[in-house]
Amino acid sequence: MFLLLSLCMCGLLLRGDAQDRAALWRGNDRSGRCQYTFTVPSPVEATCPQTGGPEMEGLKARLSMLEVLVARLTGGDTGGSQTAGAKAQSELQEALNRAVGERNLLQGEKERLEQELEGLQRRMEEMRRETERLRNRPCPPQTPMVPPSPSLQGGGLMRPAGGSSPMSHLMTRPNRQGDSSSLRDSAWQYGSPGFQELKAEVTEVPAPDSSEDNTGCGELVSVGEPVTHRKADNIEGKYGVWMQDPEAVSPYGPNMIWRIDTIGADVRKLFGYEDMEQLSKGFPSKVLLLPEQVESTGATVYRGSLYYQRRLSRTLIRYDLASESVAARRDLPHAGFHGQFPYSWGGYTDIDLAVDEQGLWAVYSTNKVKGAIVISQLDPHSLEVKKSWETNIRKSSVANSFIICGKLYTIASYTAPDTIINFMYDTETSKAKAVAIPFRNKHRYNSMVDYNLAQRKLFAWDNFHMVSYDIRLGRQQAN
């Protein structure tokens, strides 16, 4: 009994001491829930060991990083995004400015081309009116007319004995500025009519018969209707030259067609087509950039080389197509250039190169012969002049010319849809005569006519169009 009483007294004493040091708290937590907290001090430990220090520090560091990230996401750090947005906006504005600039350049180029087109159309209209005025102007008193042959009366062609030609109005056609005064020459107009061999009678062209031989080298009898193979795509192809090598050299085959568009400030592109079909489709297989600019439409190809006149000079260039380099160059002695002695249509056609059965030729004029046509045969390798012939045909009075079998033929008009081949000069006999072989300018602005020996046809460039003509030759007469 005494022992039990002692135990009870000890428990009461301990309970009272514990109640003095224990504590009970009641309060709401952060979520609003009621929470009871009961704390009792340790009976033996004066302080708690710092076992959670490093963990708490790491937790604090992670919380700090999280706070920084939250601040950035909620707009606390907007400087970087604003900088990126400004940069993107600047790039977009720069691209827009470039696009607007390119559009303005294209618009300016379009307006320039339209002005050129209007100028060309205006000059053509002026030339047409001038031609009509000259045709309607009363003729000055002349010597009595020589009666024409009966065969020519039906055709309406009459030639005055004084030396005028059915196409003599071309001698006073206006120049490119519409002024015809610069083309007049009093000595020429009233001088000796023999200067142009106009004393020769017009040759009547017989109907085709069995005497014709298209494989020989007789005189030209007739020219067929023009056949159009392709139209140029842009203003650069208003004028041009297309050609075929009659003696092609590897790596290019005999069917290769070459083409140069001659409108532009830097005419140097030479396009090559595998054959006529690829030309008609407009698919070049080769494009060469020539080292020197090309002057007008007088180029030709022969034995694997392109021959052309260098711009603003009388220099002839032989460009080897295989090695793509200049093989020879030489000045054509005393030749006029850049508008001194062009054909009647202008275009700086002072020097016209040609190829036929006898080789390479140059058709041009000099101050010595006062604008008459000079024909020179050239060495195809060195470009030296081998032999020359001075004719009595004024170059500016004819629209174009070509050479077949050593005979030069000239065309009266480049715009008339139905014109004639009006003169022929034979280098073998050194004699000229007037002829009247019908010739058609289908598209009414023929800037290039050349004989294509490879196909024995005429190639022409008529107002953007590449056309060809069949020809018929008479039998070569025995000497």
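The protein chain has six helices and 23 strands, where helices (H or I, at least four residues) and strands (E, at least two) are DSSP runs numbered from the N terminus. The model is a predicted one, in which local features need pLDDT of at least 70 and side-chain atom pairs count only at pLDDT 80 or more, while totals for chains, interfaces and linings use all residues. Residues are numbered from 1 along each chain as its sequence is written, and side-chain values use heavy atoms, with hydrogens and water left out.

Of the 479 residues of the protein chain, 38% count as buried, a word that stands for under 20% relative accessible area, with exposed over 50% and partly exposed in between (1.4 Å probe, protein chains only). Among contacts (heavy atoms within 4.5 Å) between residues at least 6 apart in sequence, 54% join residues at least 24 apart.

Four strands form an open sheet in the order S9-S10-S11-S12, with antiparallel pairing; two strands pair if DSSP finds at least two bridges between them. Strand S9 (300-302) and strand S12 (325-331) are the edge strands, each of which pairs on one side only. In general, strands of a sheet pair through backbone hydrogen bonds, either parallel or antiparallel. S9 and strand S10 (residues 305-309) are joined in the antiparallel sense over three bridges, and Tyr302 has Ser305 in S10 as its bridge partner.

Elsewhere in the chain, Arg394 lies in strand S16 (residues 385-394). Arg394 counts as buried because its relative accessible area is 12%. Arg394 and Val374 are 20 residues apart in sequence, and their C-alpha atoms are 9.5 Å apart in space.
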